[in-house]
Structures are given as structure tokens and as C-alpha cells.
Amino acid sequence: MKFRKVSPSVGLEIKDVNLNEALNEDQKDFLLSTLANTGLLIFRSQEISPAKLVEFSSSLGEARSYTRSQFGLEGFPEILVLSNIKENGRVIGSPVSGRVWHVDGHYMDEIPRATILAMKILHKEGGNTSFANMQAAWLKLPKAVAESVENLRINISRVQSREYNYPERGPVTDKEREEWKNVIHPLLLHHPVNGRLGLGVGGNVPWNIPGMSPEEAIPLVTFCQEWCTRKEFVYEHVWREGDVLVWDNWTVMHKASPYSGDRLLHRTTIY
Ligand SMILES: [Fe+2]
């Protein structure tokens with residue numbers, strides 16, 4: 001496979017692959033290890049149908065339907081529609097997601113291995129997506145901070161995250177409050193493929209650290225969040241129609257940015 005590094009810390013553009021065609025075992029192995037190590041694979045100029053997107057996703061892992069099933073694509077429960085386009089007075093997908101640094105599904109017991117986005121319609125510029133390599137950030141973290149965080153765990157609240165990050169989605173309902181239990185993860189994410197550690201501090205929520213007072217925990221987590229998103233660890237992707245991006249939630253965290261003009265993306269999530 002031909003490829004090109006897109007930044008010092010994150011991402012590889014894969015040049016000569018048509019995602020409508022099945023991958024062979026060697027290609028799959030290469031993509032999975034590269035995904036773990038660089039955090040992001042970029043495929044340009046892909047015209048991929050929903051069925052082929054599910055097929056490609058399933059060749060890298062187990063594609064499962066994700067949260068917010070009201071935005072699932074008809075006939076393809078594994079695909080989540082992200083869009084601001086309105087049909088019959090109703091928006092056809094989720095118009096805003098992920099505008100703070102985060103790991104997808106960090107608030108769930110099982111963090112999804114990877115997320116795939118296919119850009120189907122893009123009418124204006126803007127809406128870049130940024131990625132930060134948590135493994136590179138951990139390797140360069142000042143020693144004194146590294147020693148103080150290496151054995152910590154974080155208590156993540158989806159309720160708190162939703163109210164903090166998406167106030168426009170309205171208050172969390174009693175039913176959601178009941179269903180969304182807090183989860184505890186190690187602050188350092190241990191990657192299942194390459195064994196590296198990543199500084200898993202996305203979310204921009206002042207998380208609780210078991211055994212630590214908020215006065216101690218909040219500045220520490222904030223420092224780690226700021227550290228992880230320093231320029232040297234970040235790549236900002238400028239989208240084009242036909243882009244398919246695959247990112248590894250155990251290696252990178254990511255953040256969307258505001259956009260205008262019609263946009264439509266198809267998303268899958270794999271475990
Ligand atoms: Fe996300």
C-alpha cells in the first residue's frame with residue numbers, strides 16, 4: 001500500500017485503496033497495526049455506498065449500532081447519520097456532535113475500538129476535525145506529572161458530560177439518568193493492539209478521580225488535557241467530499257469544529 005504521513009504525530013493517508021473492494025488479510029493487518037500506531041487512517045476520493053461502508057467497517061472489527069439510534073440510517077442500523085440537512089422540516093441526522101476533545105464512548109464500560117466517518121456531502125469549508133495522539137502525549141509528559149497520574153483512575157459521568165457539552169440537547173431525563181451509570185477507567189488507556197499507553201483525559205469535563213479531592217483532581221486533569229492537545233501532538237483534518245476517515249479511540253482523541261453549509265456524513269463504530 002502507498003501511504004503518506006500527514007503530520008508528525010497523527011495520521012497516515014492511504015493512497016491506492018478502493019474501499020468498495022474487499023481487503024485481503026495482509027492489507028487488513030497493515031491497516032489495523034497502522035491504525036493503532038498512528039491513530040488515524042485517511043482515504044480520499046471514495047464513493048462508498050452504505051452497504052460497502054458496513055462491509056469495510058466489519059472487515060476491521062465488529063460494527064455495532066451506536067448511541068442515538070433515532071439518527072440511524074434506514075436499513076443500516078450500524079450507520080449513524082450526521083447532518084444539518086432538513087427534509088420535510090426535520091433535520092435528517094445529528095447536526096452537532098463532539099465539539100470538545102473526547103474519546104468516543106469514553107463514558108461507556110467498553111470503549112469502541114474505532115470510529116469511521118465517510119463525508120458524503122460538503123457544501124462549504126469549515127468543520128475541520130482535529131485529532132490528538134494520546135500515546136505521544138504520554139511519552140513526553142513531564143516525569144513528575146507522569147508519576148502522579150500513572151496509577152490513577154477516572155470516574156466519568158455521561159450525565160455531567162452531556163449537560164456540560166451539549167446544553168442545547170436539553171436536560172438529561174430521569175430515564176437517561178437511570179440508564180447512564182458512571183464508569184471508571186484507568187487514566188492511562190492500555191492499547192490492546194500495540195500495548196502502548198495513552199493519556200486518556202478527553203472530555204473537557206472536570207472528572208472525579210477516586211481517592212482525590214476535587215481541588216487536587218481538577219487541576220491535574222486540566223493540565224493533562226491541555227498537554228495532550230499541544231500542537232506537536234495534533235493533526236487538523238480539512239475535509240473533502242469522498243473522504244473516509246478511520247480513527248482509533250485508544251490512540252487519539254478528537255474534536256469537531258463549527259461549520260456552515262449542507263453537510264452529510266455516515267458514521268460507523270467498531271469494537
Ligand atoms: Fe466523536
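1. Start with Cys 228. Setting aside neighbours within four places in sequence, Cys 228 is in contact with Ala 132, Met 134, Ala 137, Leu 199, Val 201, Phe 233 and Met 253; contact here means that the C-beta atoms of two residues, placed from the backbone, lie within 7 Å. Keep in mind that this is a predicted model, in which local features need pLDDT of at least 70, side-chain atom pairs count only at pLDDT 80 or more, and totals for chains, interfaces and linings use all residues. Numbering runs from 1 along each chain as its sequence is written.

2. As for burial, a residue is buried if 20 or more other C-beta atoms lie within 10 Å of its own, exposed if 12 or fewer, and partly exposed in between, with C-beta atoms placed from the backbone. In soluble globular proteins, nonpolar side chains tend to be buried together.

3. Now the helix that holds Cys 228. In H7, the buried residues are Val 221, Cys 224, Gln 225 and Cys 228. Seen down the axis of H7, they fall within an arc of 100°, so they line one face of the helix; the arc is that of the directions from the helix axis to the C-beta atoms. An α-helix has 3.6 residues a turn, so residues three or four places apart point the same way. The face of H7 turned away from its buried side carries the exposed residues Glu 215, Glu 216, Pro 219 and Glu 226.

4. H7 also passes a length check. Helices (H or I, at least four residues) and strands (E, at least two) are DSSP runs, numbered from the N terminus.

5. What lies over the buried side of H7? The cover includes strands S10 (129-133), S14 (197-199) and S17 (252-255), along with helices H3 (134-140) and H4 (143-149).

6. S10 belongs to an open sheet of 3 strands, in the order S15-S10-S17, with antiparallel pairing. The edge strands, S15 (234-237) and S17, each pair on one side only. Neighbouring strands of this sheet are turned by 20° against each other on average, direction ignored; axes are lines fitted to C-alpha atoms, for helices over the stretch in contact, and angles run from 0 to 180 degrees between N-to-C directions. Two strands pair if DSSP finds at least two bridges between them.

7. A closer look at S10: 4 bridges link it to S15, and 4 bridges join it to S17. Ala 132 stands opposite Val 234 in S15, while Asn 133 has Val 252 in S17 as its bridge partner. Because 4 of the 5 residues of S10 are buried, this strand is largely enclosed by the rest of the structure.

8. Asn 128 sits in the loop between S9 and S10. Asn 128 is partly exposed, with 14 other C-beta atoms within 10 Å. Not counting residues up to four places away in sequence, Asn 128 touches Glu 236, His 237, Val 238, Trp 239 and Ser 257.

9. Then there is S16 (residues 244-248): 5 of its 5 residues are buried, so S16 is largely enclosed by the rest of the structure. Both faces are covered, with Val 244, Val 246 and Asp 248 on one side and Leu 245 and Trp 247 on the other. S16 pairs antiparallel with S3 (residues 40-43) over 4 bridges, and 5 bridges join S16 to S9, also antiparallel. Phe 43 stands opposite Val 244, and Thr 115 has Trp 247 as its bridge partner.

10. Last, helix H1. Its buried residues are Leu 31, Leu 32, Leu 35, Ala 36 and Thr 38, and what covers them includes S3, S9 and S16. Just after H1, Gly 39 takes a positive phi of about 85°.
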